[in-house]
Structure formats: C-alpha cells, structure tokens
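Subject: The model, and some notes on it

Hi,

Here is the structure I promised to pass on. Please have a look at it first, and then read my notes below.

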Amino acid sequence: TDFDSRKKRKVAEIYQALDSDPIDVAALRRMAISEGGLLTDEIRCKVWPKLLSVNTDELPPLPAGKELREDNKDYQQVLLDVRRSLRRFPPGMPDDQREGLQEELIDIILHVLKRNPQLHYYQGYHDIVVTFLLVVGDRLATALVEKLSTHHLRDFMDPTMDNTKHILNYLMPIIERVNPKVHDFMQSAEVGTIFALSWLITWFGHVLSDFRHVVRLYDFFLACHPLMPIYFAAEIVLYREQEVLDCECDMASVHHLLSQIPQDLPYETLISRAGDLFVQFPPSKLAREAAQQQTQRTAASTFKDFELASVQQRPDTVLRQRFRERPRGEERTKSILTKPRTNRFVKLAVMGLTVALGAAALAVVKSALEWAPKFELQIFP
C-alpha cells in the first residue's frame with residue numbers, strides 16, 4: 001500500500017541520516033516532526049540520543065539501587081508515585097516483569113537527582129521517565145532523562161513552581177491569537193490553566209492511555225523547542241472549540257471538560273498545526289503577554305493542587321479555595337526568554353536544512369537552536 005511504501009522510504013531516510021558523517025541531526029529532527037514520527041522503538045533507541053546530543057558510547061554504569069535509596073529525601077515520594085503508575089505499563093505485562101521495571105524506574109529517578117542536586121523532583125516526573133525506560137531500557141534512559149532534566153524539563157524542576165506557571169501563561173495568549181471567541185469564553189469562566197498542568201509536566205504521558213500516542217508526541221517534543229508542549233496543549237483546546245463553547249460558562253464545568261482529554265484526538269493533524277502555530281506566534285512574540293498575565297485565579301501554586309486536579313477529586317473545591325487565597329497580584333515574572341546570540345555555526349546548520357523541510361518544521365528547528373545554542377553546538381562540531 002501507499003502507506004507502507006512511504007513508511008519504508010522514511011525508514012531508509014532515517015538510516016541514511018544516521019549513517020552520514022557527521023550524523024545529519026537536522027534531517028533526524030525533520031523525521032521526528034513529520035507524519036508518523038520515528039515509527040519504531042528500534043529507531044527511537046538510535047535517534048533520541050542524537051536529538052538530545054547524548055553520546056551512547058560512554059554511558060555510565062548504573063549504581064546499585066541500595067546506595068541510592070539510603071538517606072534519599074525523595075525516595076518515599078518517588079516510591080509512592082511509581083507504585084501508583086501501574087497503568088503506564090503495557091496491559092498484560094507479567095507482574096514480575098512490571099515490578100522489575102518499577103524498581104529500575106525508581107533507580108533512574110534517584111540517580112539523576114543525586115547527580116544533579118539543583119534539580120527538584122515533582123509528581124509527574126516519573127511519567128516522563130517511564131516512557132524512556134519502556135522505549136530504550138534503563139542505561140540509555142538514565143542518560144537521556146538526565147540531559148532532558150537539565151534542558152527541556154529544567155523549569156519544572158525548580159524548588160518553586162514560578163517557571164512552570166510562567167510557561168502555562170503562554171497558553172491563553174496563543175489561544176487568543178487563533179480564536180478570540182474561545183479565549184474570551186475561558187476568561188469569562190475564569191478557568192485559568194491548571195487543567196493543562198499535568199499535560200505539560202508529563203509531556204501528556206499522564207493523560208494519554210495509548211502508549212503509541214505518547215511516544216509519537218515524545219518524538220515531536222524532543223525535536224523541538226522546549227515550549228512546544230504548550231503549543232500542542234493550545235491546539236487541543238482549539239480543536240475542542242465547539243465542546244468548550246457548548247459548556248456551562250463556569251469554572252468547575254469548563255475545568256472538568258478540559259481536564260478530561262479525549263483519547264481519539266487526530267494526533268498528526270494537531271502536531272502539524274502546533275508546528276504552524278509556533279511559526280506564526282513564536283515564544284518571543286508572546287513573551288511579554290505571558291509575563292504580564294496576572295497570577296491566574298487557578299494558578300497552579302502547589303503540587304497539592306496538581307495532584308487533586310489530576311486525579312479529578314473535586315477540582316472545583318480546589319479552584320474555589322485557590323480563588324479565596326488569591327494573592328493581590330504578583331510582580332511580573334521576568335521573561336525567561338532572553339534571546340541568546342545565534343552562533344554562526346547554528347545559522348549555517350539551519351541554512352543547510354533542505355528546502356523540502358517546509359516553513360513550520362524549519363522554524364521549529366531554528367528556534368530549538370536559538371533556545372539552547374551551547375547545547376546544540378555539540379551536535380554541529
């Protein structure tokens with residue numbers, strides 16, 4: 001069939017990019033973004049490390065779990081979260097196999113935290129780590145998660161949630177640019193953005209039940225700018241325009257509707273639209289609005305809120321309580337998006353991308369390079 005031949009062609013192109021010298025990372029990013037993503041876990045094992053600039057030849061051995069667990073302030077919380085993560089493992093997996101993976105999951109998390117004392121564990125982090133563990137195995141997962149935690153996920157791992165809130169503050173300005181009607185309705189309902197918190201900090205791993213959809217999104221996010229998950233979140237809300245506008249215009253109803261994510265979303269369409277949105281409204285254009293958003297009434301100000309909202313134990317009470325405790329306005333967050341100088345190599349790398357890339361993917365890749373030039377230069381020696 002046509003699909004099979006396209007798939008075969010794509011697999012061949014991915015291996016060609018992997019075999020070229022130096023490795024064609026730009027082409028790999030393009031493959032990860034374009035329809036179908038990286039197609040198989042076997043390919044992901046080879047490409048994900050390249051997207052994160054992780055050297056697979058020098059993976060450190062994993063320390064023994066016992067040393068990690070003694071005197072670790074996060075151990076109890078990690079243990080609780082991992083024990084609750086049953087549904088993140090493939091249905092029908094034998095218990096002993098799953099329990100073995102859960103032990104590995106605890107070790108990976110504690111290992112990364114021990115090596116990076118500046119990082120703070122948050123509930124939902126294990127949802128990201130388990131995705132890597134299931135796709136690439138424990139040693140490689142440890143290296144990838146460590147790189148990711150000090151780059152893409154860095155803001156979620158601060159001692160406070162200020163930067164996470166700041167990222168959530170991009171959601172409404174994006175929605176407003178595309179669909180003012182939905183934006184105004186959500187503002188009237190005073191729903192805020194907490195419904196998208198668990199989407200953002202788990203890269204949707206916590207809320208999507210089909211593992212294939214989760215890894216497809218991880219292909220996309222790993223190839224893009226760290227703020228891409230918030231554009232994807234906006235795209236989900238925009239896609240549900242009619243449901244939102246048909247809803248009762250009050251906080252509890254809209255929050256409840258939005259936090260129940262439909263499982264049958266047209267993922268490829270939404271991925272491609274999120275890429276287009278990013279091109280039209282890059283973070284630099286939205287940074288001022290995001291910084292000016294007054295603390296939303298439903299600001300995700302503690303992990304407790306997140307926990308309650310994510311398990312849907314009466315989100316409305318959480319929100320009402322938040323509303324009562326609302327601070328009188330907060331200093332404007334300094335924009336985290338100071339624009340780094342784009343290095344000449346990075347410019348050349350971007351110019352060297354094939355014209356076939358298309359505007360959206362090109363801008364996505366380009367801004368990923370602008371976001372972390374030091375990190376990227378290791379890819380383009």
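Below are my notes, going from the whole chain to single residues.

First, the ground rules. This is a predicted model, so to speak of local features I needed pLDDT of at least 70, and side-chain atom pairs count only at pLDDT 80 or more, while totals for chains, interfaces and linings use all residues. Residues are numbered from 1 along each chain as its sequence is written, and side-chain values use heavy atoms, with hydrogens and water left out.

**The chain as a whole**

The secondary structure comes to 23 helices and zero strands; helices (H or I, at least four residues) and strands (E, at least two) are DSSP runs, numbered from the N terminus. Of the 381 residues, 54% count as buried, where buried means under 20% relative accessible area, exposed means over 50%, and partly exposed is in between (1.4 Å probe, protein chains only). The accessible surface is about 17700 Å², and carbon and sulfur atoms hold 51% of that; these areas come from the Shrake-Rupley method with a 1.4 Å probe, and for residues only the protein chains shown count as cover. Taking contacts (heavy atoms within 4.5 Å) between residues at least 6 apart in sequence, 78% join residues at least 24 apart.

**The core**

The largest nonpolar core has 112 residues, and those with the most contacts inside it are Trp48, Phe204 and Phe232. By nonpolar core I mean a set of buried Ala, Val, Leu, Ile, Met, Phe, Trp, Tyr and Cys residues joined through side-chain atoms within 4.5 Å. Helix H14 (residues 228-239) gives the most to this core, with nine residues. Domain 1 (1-151) and domain 2 (161-294) both give residues to this core, so it lies between them; the domain bounds come from an automatic or database domain assignment. Beyond residues up to four places away in sequence, Phe232 touches Phe204, Leu217, Phe220, Phe221, Tyr267, Leu270, Ile271 and Ala274.

**Aromatic rings**

Rings of Phe, Tyr and Trp (its six-membered ring) pair if their centres lie within 6.5 Å; planes under 30 degrees apart count as stacked, over 60 as edge-to-face and the rest as tilted. The count comes to 14 aromatic pairs. In one of them, Tyr121 and Tyr125 have ring centres 6.0 Å apart and planes at 90 degrees, so the pair is edge-to-face. Both of these tyrosines, Tyr121 and Tyr125, are buried. For Tyr231 and Phe278 the centres are 4.9 Å apart and the planes at 50 degrees, so that pair is tilted. It links distant parts of the chain, with Tyr231 in helix H14 and Phe278 in helix H17, 47 residues apart. Tyr231 is buried at 0% relative accessibility, and Phe278 is buried at 1%. Ring pairs also link a cluster that includes Trp48, Phe204 and Phe232.

**Helices under cover**

In H2 (residues 25-33), nine of the nine residues are buried, including Arg29 and Arg30. H3 (residues 41-51) has Ile43, Arg44, Val47, Trp48, Pro49, Lys50 and Leu51 as its buried residues. Their cover includes H1 (2-19), H2, H7 (125-136), H8 (138-150) and H13 (211-222). Just after H3, Ser53 takes a positive phi of about 55 degrees. In H10 (residues 171-178), the buried residues are Leu171, Met172, Pro173, Ile174 and Ile175, and they pack against H9 (162-168), H11 (180-189), H14, H17 (267-280) and H18 (283-292).

Arg240 is in the loop between H14 and H15 (241-246) and counts as buried, at 4% relative accessibility. Its side chain reaches the backbone oxygen of Leu257 at 3.2 Å, and a polar atom of that side chain lies 3.2 Å from the backbone oxygen of Gln260.

Glu268 lies in helix H17 and is partly exposed, with a relative accessible area of 27%. Its side chain makes a polar contact with the side chain of Arg216 (2.8 Å). A polar contact here is a pair of N or O atoms within 3.5 Å; within protein, one must be able to donate a hydrogen and the other to accept it, and residues adjacent in sequence count only if both atoms are side-chain atoms. Glu268 and Gly37 are 231 residues apart in sequence and 9.0 Å apart in space, C-alpha to C-alpha.

Best wishes
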